[in-house]
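Trainee: I have a protein model open and would like to learn how to read it. Could you walk me through it?

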Amino acid sequence: FENFVVGKSNELAHAAARRVAEAKDSVPFNPLYLYGGVGLGKTHLMHAIGHAIAANSPEKKVLYLSAEKFMYRFIRALRFNDTMNFKDQFRSVDVLMNDDVQFIAGKDSTQEEFFHTFNALVDQNHQIIISGDRSPTDLEGMEERMRSRLGWGLVADIHPTDYELRLGILQSKVEQGKINIEPRILEFLAHRITSNVRELEGALNRV
């Protein structure tokens, strides 16, 4: 969390992520659903939550993976007739983080399995954190019951960054890397690159 620069575009998502990370004996939102465009900090926040929980509650079992990897593990379990172990693995965790959930849109069998995994964890009062590129209601190819489940808890969007936040991110990266770059260059980059944080970081590396 200390490396995440907070601005108006991401303050709700950041506050929600901190609350989930700091909750030891409760589940404040289930699921916490983060959504926004590429390179805006969704994965960063998910990793920050995972690291904070691992540090504060080392006894908890935390599992992070992309929706794509969830699907491929499920396919492998079907192929080798190992679905019971698959179910045990995913339904026994204290915290499940699933990144880019839009990947399983249109993949009915994977959605079915994820739906049952989701319900099993909620029934145990275990935390679920999910990210997507759009809100649950806008996920095309996702079953209605799955969209409904994804919106059960807190849905927090991350908007594109504004100039002040982009400049703050660049200044933070410079301080972390102990790089000597003139302020006017950082200001130029913050004005010029408006797409996402990854583009900003890439431009900084090229300076």
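Mentor: Let us go through the features one by one. This is a predicted model, in which local features need pLDDT of at least 70, side-chain atom pairs count only at pLDDT 80 or more, and totals for chains, interfaces and linings use all residues. Residues are numbered from 1 along each chain as its sequence is written, and side-chain values use heavy atoms, with hydrogens and water left out.

Trainee: How many helices and strands does the chain have?

Mentor: Helices (H or I, at least four residues) and strands (E, at least two) are DSSP runs, numbered from the N terminus. Here the chain has nine helices and five strands. Along the sequence they follow the pattern α-β-α-β-α-α-β-α-β-α-β-α-α-α.

Trainee: What radius of gyration does the chain have?

Mentor: The radius of gyration is taken over C-alpha atoms, and the globule rule is 2.2 Å times the number of residues to the power 0.38. For 207 residues, a compact globule would have a value near 17 Å; the chain has 19 Å, which agrees. Its C-alpha atoms fill a box of roughly 60 × 35 × 30 Å, taken along the principal axes.

Trainee: What percentage of the residues is buried?

Mentor: Buried means under 20% relative accessible area, exposed over 50%, and partly exposed in between (1.4 Å probe, protein chains only). In this chain, buried residues make up 45% of the 207 residues.

Trainee: Which residues of the largest nonpolar core touch the most other members?

Mentor: In soluble globular proteins, nonpolar side chains tend to be buried together. A nonpolar core is a set of buried Ala, Val, Leu, Ile, Met, Phe, Trp, Tyr and Cys residues joined through side-chain atoms within 4.5 Å. The largest one has 23 residues, and Leu96, Val101, Phe114, Ile130 and Leu150 touch the most other members. Two or more residues come from each of β2 (62–66), α3 (67–79), α4 (83–91), α5 (108–123), β4 (127–132) and α6 (144–150). A second, separate core of 22 residues includes Phe1, Phe4, Phe29 and Ile129.

Trainee: What span is expected for α2?

Mentor: The expected span of a helix is 1.5 Å times one less than its number of residues. With 15 residues, α2 reaches 21 Å from its first C-alpha to its last, close to the 21 Å expected. Its buried residues, including Leu45, Met46 and Ile49, pack against α1, β1, β2, β3 (95–99), β4 and β5.

Key: Contact = heavy atoms within 4.5 Å.
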